[in-house]
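Please look through the structure below and follow the explanation with it in view.

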Amino acid sequence: MQIGDELEPLVIESVPAEAMKTVAALLHDPNPIHFDVESVKALGMGERPVNQGPNNMGYLVAMLGRAAGGRERIRRLRVRFLGNVFAGDRVVARGKVESIEERDGERLAEVEVWLERGDEDRVLAGTATILL
Amino acid sequence: MQISLEELEALKGQSFPGGTYTIEPYRHWLMNDAVGDIPSTSGPASPMEIYYGAMGGLGLTLDELFALAGATAADGPMFGEAELEQRRPLQVGETYTVRGAVTDVVRKEGRRAGVFDIVTFQLELVAPDGEVAGVSTNSFVFPRRD
């Protein structure tokens, strides 16, 4: 891995509404925007369920884990939430190596990460550190 | 305004009740399957478990957390930033002690957004041997419409 390299992107062709229901149940998240279309409509947020923010982070973790050779090699991930992802959206998790340094005998890469929704609309952006 | 600036600033440093969090194997499988990651029921856990553990073990429900900041879910609190630090690999099936506190509060005013507060809190997942395995830092944005 070299500075400037782009990591293998993770593509979700269509964010599944069913996964949001599973996550809502497992996280004890009562917010109906994640599973009830009528609530989404009533709030004027469109006609599709809204993905949980942690799910959007999870796409970046999946992308980083594959690039690093294991999720346990992800040392840090910091993101800003910039927008929503809806059921049926195509999203792509991407990363680009910004710097590489040796620290305490380990080789670490600092990676710019982001999640694109549709046509390059960044809904999540931040940085990560992975062990090489 | 549901909460005064003085009340808001008094939150800084306030500890959460805390608790414990176990990375249940079936749950780890389902959560990873939901985001296109590798589902597994043993071995190293996804670092997302640092966030799930923090929220699951802080000792408050999301509604109680919002109430602490003088808000409800109906006020439209939003996720601002999130940071995961994995100091050592988390293990599926292991139980962690969760401890933490509110670390920062800021009141801001935007031309469009009006007045809003940003509340940041940090939680640690402590492994059975006493070592901190993960740190989760999150900020919520609370719009103050009245």
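Predicted model: local features only at pLDDT ≥ 70, side-chain atom pairs only at ≥ 80, totals over all residues.

The buried residues of helix α3(B) are Met48(B), Glu49(B), Ile50(B), Tyr51(B), Tyr52(B), Gly53(B), Ala54(B), Met55(B), Gly56(B) and Gly57(B). A residue is called buried here if 20 or more other C-beta atoms lie within 10 Å of its own. After the helix comes Gly59(B), and its phi is positive, near 95 degrees.

Chain A has a mean pLDDT of 94, with 100% of its residues at 70 or more. Within chain A, helix α2 (residues 37-42) has the lowest confidence, a mean of 89, while β2(A) has the highest, at 98.

Next comes the contact between the chains. Chain A contributes 27 residues to the contact and chain B contributes 23 residues. On the side of chain A that touches chain B, at least two residues come from each of β1 (10-12), α1 (17-26), α3 (53-68) and β2 (74-81) of chain A. Of these, α3(A) gives the most, with 9 residues. By type, this side of chain A consists of 14 nonpolar, 7 polar and 6 charged residues.

Strands also link the two chains. β2(A) is joined by 5 bridges to strand β2 of chain B (residues 78-86), and the two run antiparallel. Which residue of β2(B) does Arg78(A) stand opposite? Opposite Arg78(A) is Glu83(B).

Key:
Residues numbered from 1 in each chain as written. Chains lettered and ligands numbered in written order. Contact = placed C-beta atoms within 7 Å. Helix = DSSP H or I, 4+ residues; strand = E, 2+ residues; numbered from the N terminus. Nonpolar A, V, L, I, M, F, W, Y, C, P; charged D, E, K, R; others polar. Pairing = 2+ DSSP bridges. pLDDT = per-residue confidence, 0-100. Buried ≥ 20, exposed ≤ 12 C-beta atoms within 10 Å, placed from the backbone.
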